Structure formats: structure tokens, C-alpha cells
Amino acid sequence: MLESLESFMIRETSNRMVRDLTLIKAEKLREDASLPLDLWKTESAKDTISLPRSDIIQHFANKLLYKAQLNENDQQFVVDKSWVEECLNELGSTFMQHEKLTFQTYSSFYENLLRHKEQIITLRDREVAQSEQE
């Protein structure tokens, strides 16, 4: 396993070196006088989002069983109707809060992603406009 990890790391390092050398050679062969920006380009960060795992159901079950009583004769739990309604009301409000948070998280993520892509497009448009002027 250690050998496979070593060989993987060696392959990745050599691939990285080949990529960097290719960029350097391309910059040396470039004829125009603009700045060599390709050398400093980095691989873009992966656009991912992670949401915390919710324990809504576990909390609901624990709260419901808190006031439940075990009927010894038929091995069933007995829960007061008002307690079930209270637990269901709390479950509904907790679920709605969770959905609101999830929506806000996704919304802000995609707004930031869109803003980033718009900046890239604007930058490229400027580069094209500058190259057309020259």
C-alpha cells in the first residue's frame, strides 16, 4: 500500500512538472509583449457545498419517547395525544427552520458562484477588447 502511494505521488509530481514545463515553454515562445499570466494560473477550486447533517428525526423520536410509557402486557408504548401533538408541532417548526437554512445556504452558494463566473467573463471580455485594440 505504501508503494502504491509512493508511485501515485511520483506520477502526480511528474505530471505537475510536465504541465509547468509546458506552460514555461509556451511563455518563452510567445511573441507578444503582454505579461505571462499563464504561469500563475492555478487549478480552480472545486465548486462544492456541504450542508450539516440534520438530526431532526432522532430528536423527535427521543422527545416523543421521553413521556412514553411501556405497557407490560402487550409490549407497546403508550403516549398521550397532547404530547404527540406537541412533538409534531415542534417537528414541523424544526423542519421548516432546517429547510429555510438549506435554501439560504444553496442560494448564497449559487449567488457567489454566479458572481464569480460573471467576474471571469468580464475579465475575459476586457482581455479580448484590449487585444482587438492592439
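Start by selecting Y110: at 48% relative accessibility it counts as partly exposed, the class between buried (under 20% relative accessible area) and exposed (over 50%), using a 1.4 Å probe and protein chains only. This is a predicted model, where local features need pLDDT of at least 70, side-chain atom pairs count only at pLDDT 80 or more, and totals for chains, interfaces and linings use all residues. Numbering runs from 1 along each chain as its sequence is written, and side-chain values use heavy atoms, with hydrogens and water left out.

Rings of Phe, Tyr and Trp (its six-membered ring) pair if their centres lie within 6.5 Å; planes under 30 degrees apart are stacked, over 60 edge-to-face, and the rest tilted.

Next, pick Y106, partly exposed at 33%. Y106 and Y110 are four residues apart in helix 3, about one helical turn. Ring pairs join Y106, F109 and Y110 into a cluster.

Zoom out and colour by secondary structure. The chain has three helices and two strands, in the order α-α-β-β-α from the N terminus. These are DSSP runs, numbered from the N terminus: helices are H or I, at least four residues, and strands are E, at least two.

Last stop: helix 2, residues 56–66. Select its buried residues, I56, F60, K63 and L64. They span an arc of only 100° around the axis, which puts them on the same side of helix 2; the arc is taken from the directions from the helix axis to the C-beta atoms.
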